[in-house]
Amino acid sequence: MKTPSSLEAPIAAIIPKTIDYHSDSRIDNYYWMNERENPEVQAYLKAENAFKSHCLAATEPLQATLFQEMKRRIKDDDASVPYFKNGYYYYQRFEAGKEYPIYCRKKEALMADEQIVLNVNELAADKEYLQVNALAVSENTRLLAYAADAVGRRIYTIYFKDLHSGQTFPEKLTEVTGNMAWASDNKTLFYAQQDPQTLRSNKVYKHVLGQSQAEDELVFEETDEKFTVRIQKSKSGKFLFLASQSTVSSEFRYLPADQSDGVWTLIQPREKDLEYEVEHHEDRFVILTNADGATNFKLVTAPLSTPNKAHWKELVPARENVLLEEFDVFKHHLVIANRFNGLTRLEIRTWDGDRKHYIRMQDPAYSVWIGTNPEYYTEILRYGYNSLTTPSSIYDYHMDSREKTLMKQQEVVGGHDPEAYQSERIWAPAEDGQEIPISLVYKKDLFSKTGENPLLLYGYGAYGLSSDPYFSSSRLSLLDRGFVVAIAHVRGGQEMGRHWYEDGKMLQKKNTFTDFIACGELLIREKYVHPKKLFAMGGSAGGLLVGAVINLRPDLFFGAIAAVPFVDVLTTMLDESIPLTTGEFDEWGNPKDKVFYDYIRSYSPYDNVKAQNYPHLLVTSGLHDSQVQYWEPTKWVAKLRALRSNDSLLLLHTNMDAGHGGASGRFRALKELAMEYAFLLWLAGKNQ
């Protein structure tokens, strides 16, 4: 498929800049694109958007159809399952046709009158973009603090509202992260603030209602540029925790929540490669940690008075093939989410360890998670479940009787028959002999294992984030047109345990890319996909994955989508003024060390573009993205257009009003997804 010729593709100006490091000179012809306010940059981005629209003009009817399909499947007036906390049932709901949630509560009983806590639609009435990051209600249930970002750069303003009168206070806290927690006195709010240049969360302040932000006391400042800070409250409500964390190290402090002017106590000083998370239970802290060689983590307890590592007592030991991921505490029960053979399990234990069991799951590939459980004195666990064929479901589970009650299942308007779809879990052999899990789904009556179907292969593989199989009502628009959708659980995530992450980072990063290629090759070999109808997709660090694999094996993929892709890895990791750079040295390596410089240079997608045929490519970006700066995908597209040796589609879509997450609102985001799906379907010959 050739690019329509009536509108010429934008050709970026070449302004060479030499970047010298370790006696290596790189010429970056498009470095100038990092000048966000430069009129020439703005004009170029708009020209790329116009070219993209021109090239996809034939798909506009399909985009409209897909958008309406996906929108129709969403229940217009949906509501979440209420949870009980401090005398109120809290929930959120949507009104028909509205983009944003309405946060509500009812006092003591679900039959009580509804009180609207916050209507985000009203806040967003005159805005192109709005993200409400967090809501925090004071212990006396009267005061609400909430954080809002109207740009998409994840720089928030915290507002205060009196829930009795409904009035929003004139005072506010500007240029903050949105992370916050109330002390027990109902007037003191602790909050985190970021460095204005790098956007690294590096300070925690104490704000007392009625005083100006300029008067707020600095509680803690993190000076190590690899660490970020956050504030949180224990489930019991008795303690505040101040966490300082890097990719491979943790440090927690605690303060009794009723002593807002007190001194913070250090739990365990930071050590390289020592990670831990803390929660409070009765007269002790419960700690999830990798201490003492517990690669897959273990649970320990520590006395409140002497919580450092010397006093940690093992509660749940580390296991070689089981990764402990998270936990929740109740008066009589401990709940652990652990991962075995690539799938998460929920383990229920009594504190004495005498009784333990797992909640049974029914699908070959699924996602399960610990839900919202603010109540401490209860035997009921709320958890969530879905699979590639089963819509998202919320259950209440009695941890003693093992009785399970379905509280809500995501409604797919117009109906959804899980039996019409088939999910599978297969394994691809990697170059080094590892077996890479693949989760996939297709519509039974539109699939035959003869190698004729188009297939979209998704991957991420970074930061230890596992890409669990999940249900998507929007994805049905692909499945119902004959697409197979697959998730490659490549190294860099933690699907198969902590080693899966360690083998896909730093000087092992290329395993992520070769794993993905091995998955694509297996899917072709086993005839799940036509050899000329395999598509790749990934976002952010997954966009790096897409960029790397189309450099390595452009012949394997017919088309690809790279969403907000992190593709200029070497230049970004050398620039410590860019948000997130310093905190990521333990993920990618610090290129100031020549060993890491050479390794990153060898795979960085932007640095390895060359004169070869590339697959059809759609790249998306956000002008205000704070995680992957807009200029990375922009430069990448410009360089690809200059060097590639074929004329496949090469399109850049920049959302000029959003950041890393794309458009805000539950329906606006679907328009971008409809564009991406139309791109895939058109290339696959299914333009209807």
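This is a predicted model: local features need pLDDT of at least 70, side-chain atom pairs count only at pLDDT 80 or more; totals for chains, interfaces and linings use all residues.

Biologist: How many aromatic pairs does a search of the whole structure find, and why is the pair of Y463 and W588 called edge-to-face?

Modeller: The search finds 29 aromatic pairs. The ring centres of Y463 and W588 are 5.9 Å apart, and a pair requires centres within 6.5 Å. Their planes stand at 90°, and edge-to-face applies over 60 degrees; the pair is therefore edge-to-face.

Biologist: What makes this pair a tie between parts of the chain?

Modeller: Y463 belongs to the loop between β33 (455-458) and α4 (476-479), whereas W588 belongs to helix α9 (residues 585-588). The parts are 125 residues apart in sequence, so the pair ties them together.

Biologist: Are Y463 and W588 buried, exposed or partly exposed, and how do you know?

Modeller: Buried means under 20% relative accessible area and exposed means over 50%, with partly exposed in between. W588 has a relative accessible area of 0% and is therefore buried. Y463 has 28%, so Y463 is partly exposed.

Biologist: Which residues do ring pairs link into a cluster?

Modeller: The cluster consists of F239, F241, F252, Y254, Y276, F285 and W312.

Biologist: What makes the charged end of R105 count as sitting over the ring of Y88?

Modeller: The distance criterion is within 6 Å of the ring centre, and the charge must also be within 35 degrees of the ring normal. The charged end of R105 is 3.9 Å from the centre of the Y88 ring and sits over that ring. The charged end of R491 likewise sits over the ring of W500, 5.7 Å from its centre.

Biologist: Which residues touch the most other members of the largest nonpolar core?

Modeller: They are L523 and W636, in a core of 74 residues. Helix α7 supplies the largest share of this core, 7 residues. Leaving out residues up to four places away in sequence, L523 touches I426, I438, L440, L455, L457, A486, Y528 and V529. Another core, of 37 residues, lies apart from it and includes L456, L478, L479 and M537. As background, nonpolar side chains in soluble globular proteins tend to be buried together.

Biologist: Why do β7 and β10 stand at the edges of their sheet?

Modeller: The sheet is open, with 4 strands in the order β7-β8-β9-β10 and antiparallel pairing. β7 (131-137) and β10 (168-176) each have a single partner strand, so one side of each is left without a neighbour in the sheet. Direction ignored, neighbouring strands are turned by 20° against each other on average.

Biologist: How do you know that β9 and β10 are paired?

Modeller: Pairing requires at least two bridges. Strand β9 (residues 156-162) and β10 have 4 bridges, in the antiparallel sense. The bridge partner of Y159 in β10 is K172.

Biologist: What joins β28 to β29?

Modeller: Strand β28 (residues 380-387) and strand β29 (residues 393-398) run antiparallel and are joined by 6 bridges; G384 stands opposite I394 in β29. The two strands form a hairpin with 5 residues between them. β29 is also joined to strand β30 (residues 404-409) by 5 bridges, again antiparallel. In the hairpin of β29 and β30, R402 takes a positive phi near 65°.

Biologist: Finally, why is K313 called buried or exposed?

Modeller: The threshold for exposed is over 50%. K313 has a relative accessible area of 61% and is therefore exposed. K313 is found in strand β22 (residues 313-316) and, leaving aside neighbours within four places in sequence, is in contact with L299, V300 and T301.

Notes: Residues are numbered from 1 along each chain as its sequence is written. Side-chain values use heavy atoms; hydrogens and water are left out. Rings of Phe, Tyr and Trp (its six-membered ring) pair if their centres lie within 6.5 Å; planes under 30 degrees apart count as stacked, over 60 as edge-to-face and the rest as tilted. Buried means under 20% relative accessible area, exposed over 50%, partly exposed in between (1.4 Å probe, protein chains only). A nonpolar core is a set of buried Ala, Val, Leu, Ile, Met, Phe, Trp, Tyr and Cys residues joined through side-chain atoms within 4.5 Å. Contact means heavy atoms within 4.5 Å. Axes are lines fitted to C-alpha atoms, for helices over the stretch in contact, and angles run from 0 to 180 degrees between N-to-C directions.
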